[in-house]
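This report considers how two chains are arranged and where they meet. The sequence and the structure are shown first.

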Amino acid sequence: MGTAAYLWSVRSQMAQGLVITLEATGAGMAIALTVGLGIAVIRVLKLPGLSQVARFYILFFRNTPLLVQLYVWYYVLPQYGIVLSAFLVGVVGLGIQFSAYTAEVYRAGLEQVPRGQWEAGSALGLRTAAILRSIIIPQAFRPIVPGLGNYLISMFKDSAYLSVVTVFELLGTTEQLAASSFRYTALFTLLGVIYFSLSYPASVCVRVLERRAARGRQNALRS
Amino acid sequence: MRLSPYVIHSALVGLYYTVIATVLSCCLAFPIAFIVGILRVSRSRTVRGCAMVYVEGIRGASPIVELYWAFFVLPLIGIRFPPLEVGVLVLGLVGGAYASEAVRGALLAVDRGQWEAGLSLSMSRSSTVLRIVLPQAIPTMLPIFQNVAIDMLKGTSLLSLVTVTELTRTANELGTVGVMSFSSGYGALLVIYFLLSLPIMAGMAKLEKYTARYQSKFVRRPRS
């Protein structure tokens, strides 16, 4: 079978792998966005004790390899009685790792909101939680969208790590197919093409968003 | 886990390969970053384009995918390297691509007047870049360089997947053999990587202090 014919014949398996990749990315991002927001809020509110824990959390998960983190989740969770599927373990690992990054993005966004907004909120008699929810966070959100978008793309690419904990996403599927057919070159090149063709346009979009956000900020300063 | 000579020996071998791989990858990545970063602000569209192809190509997939590709495909097209060399090569190219973005951004952040000043003194474009613009750009690059250096450290754990006996693979083997339990072993491994990252951060902080003397008011610094 020629290379092209072979690649065409495995398209359904590759498509399945891609679906799992996208699912893992989406679920991981959901975790990263929620956990990261919590961590960022803790840091911005400068809660005693918890703030330090948050700072250490971010430093720890940024400085340690995702691969080892995944191993830890895979082996440690069952010991505490949490038995999850390999897919969920991977998603948790991805989500927690990227929550350290999204927390920093959120923090930058939250700190950019002018101090006056906080004061206006408390002058209206709102409690901190309400100020955050109704005033600060909505204003913080727009400028950080490109940053979060970048991490979404990174997570899509790093979903490949899940192949190490027996999840058959794109890389795992490719390895499996290559091991049985020995067509390493064709399969791995196709793998690279798939990742590139999805991540590069997305990163171009994010760059456009960045430029628009920067222009918006300049216009706001001018008016 | 008994700290038998076997365990100690394995751990030291693992540590050695981790450190060596990190250092070699950085030695490859940072020179590439400067070269590619400078090429990316070249006047020639072809040069800029080639550099862009390199950077965007590497950034298109994650390092684990590129490592597997290099490990499986390169031998089939005749390029046979030992696993450590392949790993260092891939990590260096990946780190170089990301760090070159920092170089490019920092060079572009230097005020246009500095470029013009150099050219008006009839310095060649390369002299202008190297002796006027680049030194002013360096403090801006360093934070991202720190991230790239730590990414190199984290990347060495990937080399465990291509049969390099660095720390992660050592932990794999010790766990498989039964000398240590996987959960506590990998937990300890995380702590070890964290501790290894601290000197990198300290070193970068020292470097930032040292290059602070090149900090000029002609650089648009991002409001942190």
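Which residues of helix 8 of chain B are buried? In this predicted model, the buried residues of that helix are Tyr186(B), Leu189(B), Tyr193(B), Leu196(B) and Ser197(B). Their cover comes from both chains: it includes helix 3 and helix 4 of chain A, together with helix 6 (125-156) and helix 7 (167-177) of chain B. Helix 8 of chain B itself runs over residues 182-211, 30 residues in total. From its first C-alpha to its last it reaches 43 Å, close to the 44 Å expected at 1.5 Å a residue.

**The crossing with chain A**

One of the elements covering helix 8 of chain B is helix 4 of chain A. The axes of these two helices come within 8 Å and cross at roughly 145°, and the crossing is left-handed. The residues that make the contact are listed below.

| Helix | Residues in the contact |
|---|---|
| Helix 4 of chain A | Val68(A), Gln69(A), Tyr71(A), Val72(A), Tyr75(A), Val76(A), Gln79(A) |
| Helix 8 of chain B | Phe182(B), Ser183(B), Tyr186(B), Gly187(B), Leu189(B), Leu190(B), Tyr193(B) |

Sorted by class, this contact has 10 nonpolar and four polar residues, with no charged residues. Tyr186(B), Leu189(B) and Tyr193(B) take part in the contact and are also among the buried residues of helix 8 of chain B.

**The interface as a whole**

Across the two chains, 28 residues of chain A are in contact with 26 residues of chain B. On the side of chain A that touches chain B, the elements giving two or more residues are helix 3 (50-63), helix 4 (66-79), helix 7 (128-158), helix 8 (170-181) and helix 9 (184-222) of chain A. Helix 9 of chain A provides the largest share, nine residues. By class, this side of chain A has 19 nonpolar, seven polar and two charged residues.

**The fold of chain A**

The secondary structure of chain A consists of nine helices and zero strands, which gives the pattern α-α-α-α-α-α-α-α-α along the sequence. Its C-alpha trace spans about 75 × 50 × 25 Å along the principal axes. Chain A has 223 residues, of which 39% count as buried. Among the contacts in chain A with a separation of 6 or more, 76% are between residues 24 or more positions apart.

Key:
Residues numbered from 1 in each chain as written. Chains lettered and ligands numbered in written order. Predicted model: local features only at pLDDT ≥ 70, side-chain atom pairs only at ≥ 80, totals over all residues. Contact = placed C-beta atoms within 7 Å. Helix = DSSP H or I, 4+ residues; strand = E, 2+ residues; numbered from the N terminus. Nonpolar A, V, L, I, M, F, W, Y, C, P; charged D, E, K, R; others polar. Expected span 1.5 Å × (residues − 1). Buried ≥ 20, exposed ≤ 12 C-beta atoms within 10 Å, placed from the backbone. Axes fitted to C-alpha atoms, helices over the stretch in contact; angles between N-to-C directions. Left-handed = near helix turned anticlockwise from the far one by under 90°.
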